[in-house]
Amino acid sequence: MSNVGKEWLRRARSRRTIVALVAAAIAAGSAQPLAAGGGTSRGGAGEAAPAQRRQAPFDAQQRPPGDPQVVARGQALYGIHCRGCHGIDLRGGDLGGPNLLRSQIVLRDRAGERIWPVLRDGQSTPGGSSMPPQALSEADARAVAVYMHSVLARATPQGGPPRGPELDLNIVVGNAAAGREYFAANCASCHSATGDLAGIAARIPEPMTLQNTWVRGHRRGAARPPVAVTVTLASGARVAGTLVRLDDFIVALTTADGLRRSFSRRGGVPRVDIDDPLARHTELLGLYTDENIHDVTAYLVTLQ
Ligand code: HEC
Ligand code: HEC
């Protein structure tokens, strides 16, 4: 049978599961289950169940902290024997060793029993990389394992290294006078330091948040001002409202009386005119230099 045929058959076999899953989803989301009695929901809920199965935490995440002296010895040994290839933070190094924070061998290891054989015998992937046997005693190898687990216990998700101490970044590094000039030239047509933006730095005391807010044009999580849209149909009729969605194929809007309307688009028909109050903010994004952003933030911080 051709590959295409096999693929079709495979899909056809799995289709029953899909139908069942869809039916289960419909039944779960609807007051009157559409699938009831339809015969398609055979085993529905049962087949959807695996999604709820939880994976047990890795061994590396359950162990008690290692003895600090062993950790220190392991760290020194790691620095001598492993760091060149696996990196200072176990994320992989210049000499081609892989990231050990994601290694299944390390994650599943309890006390060196999986790591030790790899070090003793070396390891290689046919046609890929290889690690020569390491000249360590078993006791030393176990100390290195204890050290690696101490790093892993503090690792961040997706194989990231432990977080360092919290940095308190001062982002107010610009020139407030230059920022004031930039504001006068680029922002004052819509905003005023004594009007709508008076006291903005008191309202948004955290400079990073203030910067993100002025660059974006609205606070994170806050509703952005609505975008007005006018759709002109082929007949010449116009429908105006607040934009809900716009892509190459569809434009959807809510009219003033709360009706949701949508129109399919093909080429330039129907015509769509957009009036976005934040359009200038979006345009400016492509024009700011880092310096402009620092200067404007430094200026806005003075508007207490
Ligand atoms: C010369 C470079 C080099 C040195 C030195 C080295 N490694 Fe490796 N290591 C590698 C490479 C390359 C691999 C991947 C081998 C493969 O493709 O299977 C590897 C694989 C591993 C693995 C298995 C990872 C996995 O999930 O398959 C562990 C564990 C490991 N190294 C630990 C160590 C420790 C601990 C040391 C120090 C005692 C060390 N390595 C020293 C290059 C090195
Ligand atoms: C063409 C008009 C226009 C220009 C130019 C413009 N903005 Fe805005 N800006 C707006 C609109 C509209 C909003 C949204 C106001 C709202 O949500 O009520 C906004 C929002 C903001 C906000 C958020 C206000 C708040 O209280 O959450 C800040 C801060 C801001 N702009 C700063 C700037 C700065 C700085 C510049 C120049 C670099 C600039 N804007 C340029 C129109 C403009």
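1. A term to start with: a nonpolar core is a set of buried Ala, Val, Leu, Ile, Met, Phe, Trp, Tyr and Cys residues joined through C-beta atoms within 7 Å. "Buried" here requires 20 or more other C-beta atoms within 10 Å of the residue's own, while 12 or fewer makes it exposed and anything in between partly exposed, with C-beta atoms placed from the backbone. The largest such core has 19 residues, and Val144, Tyr147 and Met148 touch the most other members. Helix H6 (115–121) and helix H7 (138–153) are the elements that give two or more residues to this core, and H7 gives the most, with nine.

2. Before going further, some housekeeping. This is a predicted model, in which local features need pLDDT of at least 70 and side-chain atom pairs count only at pLDDT 80 or more, while totals for chains, interfaces and linings use all residues. Residues are numbered from 1 along each chain as its sequence is written, with chains lettered from A and ligands numbered from 1 in the order in which they are written.

3. The overall picture: the protein has twelve helices and seven strands. These are DSSP runs numbered from the N terminus, with helices being H or I of at least four residues and strands being E of at least two. Of the 304 residues in the protein, 17% are buried. Two residues are in contact if their C-beta atoms, placed from the backbone, lie within 7 Å. Among contacts with a separation of 6 or more, 55% are between residues 24 or more positions apart.

4. H7 has 16 residues and reaches 22 Å from its first C-alpha to its last, close to the 22 Å expected at 1.5 Å a residue; the expected span is 1.5 Å times one less than the number of residues. Twelve of its 16 residues are buried, so H7 is largely enclosed by the rest of the structure. The buried ones include Asp140 and His149 as well as Val144, Tyr147 and Met148. Helix H3 (68–81), helix H5 (104–108) and H6 are among what covers them. If you click on Val144 and ignore its neighbours within four places in sequence, you'll find Gly74, Leu77, Tyr78 and Cys82 in contact with it.

5. There's also a second, separate core of ten residues, including Tyr182, Phe183, Leu210 and Tyr299. As background, nonpolar side chains tend to be buried together in soluble globular proteins. Tyr299 is one of the buried residues of helix H12 (290–301), along with His294, Asp295 and others. H12 has twelve residues and reaches 17 Å from its first C-alpha to its last, close to the 16 Å expected at 1.5 Å a residue. Its buried residues pack against H8, helix H9 (200–203) and H10.

6. Now for ligand 1. A residue counts as near a molecule if its C-beta atom, placed from the backbone, lies within 6 Å of it. Ligand 1 is surrounded by 27 residues, and the closest are Cys82, Cys85, Ser103, Thr125 and Met131. Helix H4 (83–86), H5, H6, strand S1 (123–124) and strand S2 (130–131) each give two or more residues to this shell. By class, the shell has 13 nonpolar, 14 polar and no charged residues. For the classes, Ala, Val, Leu, Ile, Met, Phe, Trp, Tyr, Cys and Pro are nonpolar, Asp, Glu, Lys and Arg are charged, and the others, Gly among them, are polar.

7. Ligand 2 has 20 residues around it, with Cys187, Cys190, Trp214, Pro277 and Arg280 coming nearest. Helix H8 (176–186), helix H10 (207–216) and helix H11 (279–285) each supply at least two residues of the shell, and H11 gives the most, with three. This shell has eleven nonpolar, seven polar and two charged residues.

8. Last, the strands. Two strands pair if DSSP finds at least two bridges between them. Strand S3 (228–232) has a covered face of Val229 and Val231, and an uncovered one of Ala228, Thr230 and Thr232. S3 pairs with strand S4 (238–246) in the antiparallel sense over five bridges, and with strand S7 (271–275), also antiparallel, over five bridges. Alanine 228 has threonine 242 of S4 as its bridge partner, whereas valine 229 has isoleucine 274 of S7. In the hairpin of S3 and S4, glycine 236 takes a positive phi near 95 degrees.
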